[in-house]
Amino acid sequence: MEKTKQGQVGMGQRSLAQETWRRFKRNRLAIAGMVFIGVLLAISVITVILDLVNPELYNDLVVKNDLLNKLAKPSPEHILGCDEYGRDLLFRILWGTRYSLFAGVVTILAAILVGGTIGSIAGYYGKIVDNCIMRVMDMMMTVPSLVLAMALVAALGPSLVNLLIALSVSQIPQFARIVRSSVLSVKDAEYIEAARAVGASDVHIILRYIVPNALSPVIVQGTLGVATTILNVAGLSFLGLGVEPPAPEWGSILSSARMYMREAWHISLFPGIAIVLCILSLNLLGDGLRDALDPKQKR
């Protein structure tokens with residue numbers, strides 16, 4: 001009996017972060033996904049540092065043509081082979097990691113910031129404000145996010161900045177709806193009424209009491225959204241609407257490789273594997289966070 005009581009006390013003394021981590025680490029697939037994404041982030045940081053320390057390294061390893069090694073097969077000198085211009089495929093994939101992760105993270109952060117603000121306003125004030133905002137979000141959601149992004153990039157012109165803007169706009173409605181639903185579930189709670197009674201402003205109530213309740217679903221959706229965005233970036237770059245060559249973005253590498261699939265299979269295989277592993281790891285991480293943050297999983 002004493003051990004049981006002590007265990008219950010220990011459970012009660014755990015913070016939310018500790019309890020979430022305890023549940024999350026039991027999911028080995030989620031841990032594997034987190035480790036792989038951590039490795040990709042480390043590679044991205046290292047490549048940025050190398051560019052700052054030695055700007056010529058990027059040109060020599062990633063951009064400079066070497067026609068003597070054109071379409072060279074994987075070998076000890078070039079582990080993943082070379083592309084149609086003789087550039088080492090391994091270095092291009094490694095340097096391309098930062099484009100995909102940067103685009104995914106920045107896009108989702110922007111969508112969360114704008115969509116969360118819109119959803120908070122709609123859910124908190126309700127009535128005509130809610131109706132007007134949500135009808136606009138509904139109109140945006142009638143168009144598939146990738147199609148909307150393609151239209152915006154085609155209108156703005158192909159570049160990394162325009163790509164980020166287009167993908168951010170296409171992701172705003174889903175985060176607005178998630179935050180709005182969380183706001184609606186807590187805005188009439190007693191502690192919200194108490195905050196109003198003591199004269200707290202609407203902005204203070206939203207930021208201090210309402211937004212924290214929406215963090216769990218937003219974090220999960222944000223993780224999965226990064227995976228979707230990376231896939232969309234690769235797809236748009238493949239169509240020539242994303243990152244422009246010779247930047248080593250994974251979708252751009254695949255786009256260039258499609259003409260050589262029969263005679264140089266490795267050019268399209270390895271970038272494709274990189275995209276698959278990255279998307280899979282993010283999905284596993286998102287599933288693990290969803291289970292760890294779900295109150296129904298608590299014991």
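Leaving aside neighbours within four places in sequence, isoleucine 210 is in contact with Tyr124, Val183, Val186, Lys187, Ile192 and Ile205, where contact means heavy atoms within 4.5 Å. The structure is a predicted model, in which local features need pLDDT of at least 70 and side-chain atom pairs count only at pLDDT 80 or more, whereas totals for chains, interfaces and linings use all residues. Residues are numbered from 1 along each chain as its sequence is written, and side-chain values use heavy atoms, with hydrogens and water left out.

Isoleucine 210 also belongs to the largest nonpolar core, which has 39 residues; Ile93, Ile210, Ile230, Cys278 and Leu282 touch the most other members. A nonpolar core is a set of buried Ala, Val, Leu, Ile, Met, Phe, Trp, Tyr and Cys residues joined through side-chain atoms within 4.5 Å. Buried denotes under 20% relative accessible area, exposed over 50%, and partly exposed the range in between, with a 1.4 Å probe and protein chains only. Two or more residues of this core come from each of helix 3, helix 5 (89-125), helix 6 (127-141), helix 8 (160-186), helix 9 (190-197), helix 10 (202-238), helix 11 (250-257) and helix 12 (265-293). Helix 10 gives the most, with eight residues. Another core lies apart from it and has 17 residues, among them Val62, Leu164, Ala166 and Ala247.

The chain as a whole has 12 helices and zero strands. Helices (H or I, at least four residues) and strands (E, at least two) are DSSP runs, numbered from the N terminus. Taken along the principal axes, the C-alpha atoms fill a box of roughly 75 × 55 × 35 Å. Buried residues make up 43% of the 299 residues. Among contacts between residues at least 6 apart in sequence, 71% join residues at least 24 apart.

An unreviewed UniProt entry lists residues 97-286 as "domain: ABC transmembrane type-1". UniProt positions are given in the numbering used here, feature names are shortened, and annotations may be inferred rather than shown by experiment. Over residues 97-286 the chain is 83% helix and 0% strand, and the end C-alpha atoms are 19 Å apart.

At the start of helix 3, a side-chain oxygen of asparagine 27 reaches to within 3.2 Å of the backbone nitrogen of leucine 29. The buried residues of helix 3 are Ala30, Gly33, Ile37, Leu40, Ser44, Thr47 and Asp51. An α-helix has 3.6 residues a turn, so residues three or four places apart point the same way.

Threonine 229 is found in helix 10 and counts as buried because its relative accessibility is 0%. Not counting residues up to four places away in sequence, threonine 229 touches Ala103, Gly104, Thr107, Ile108, Leu167 and Gln171. Serine 170, placed in helix 8, is buried with a relative accessible area of 9%. A polar atom of the serine 170 side chain lies 2.7 Å from the backbone oxygen of leucine 167. With neighbours within four places in sequence left aside, serine 170 is in contact with Ser145, Leu148 and Ala149.

Lysine 127 has a positive phi of about 50 degrees; lysine 127 is found in helix 6 and is exposed, with a relative accessible area of 74%.

A search of the whole structure finds zero disulfides, a disulfide being a pair of cysteine sulfur atoms within 2.5 Å. Cysteine 82 counts as buried at 0% relative accessibility, whereas cysteine 132 is partly exposed, with a relative accessible area of 45%. Leucine 277 lies in helix 12 and is partly exposed, with a relative accessible area of 37%. The C-alpha atoms of leucine 277 and leucine 109, 168 residues apart along the chain, are separated by 22 Å.

Key: Polar contact = N/O pair within 3.5 Å; in protein donor to acceptor, adjacent residues only side chain to side chain.
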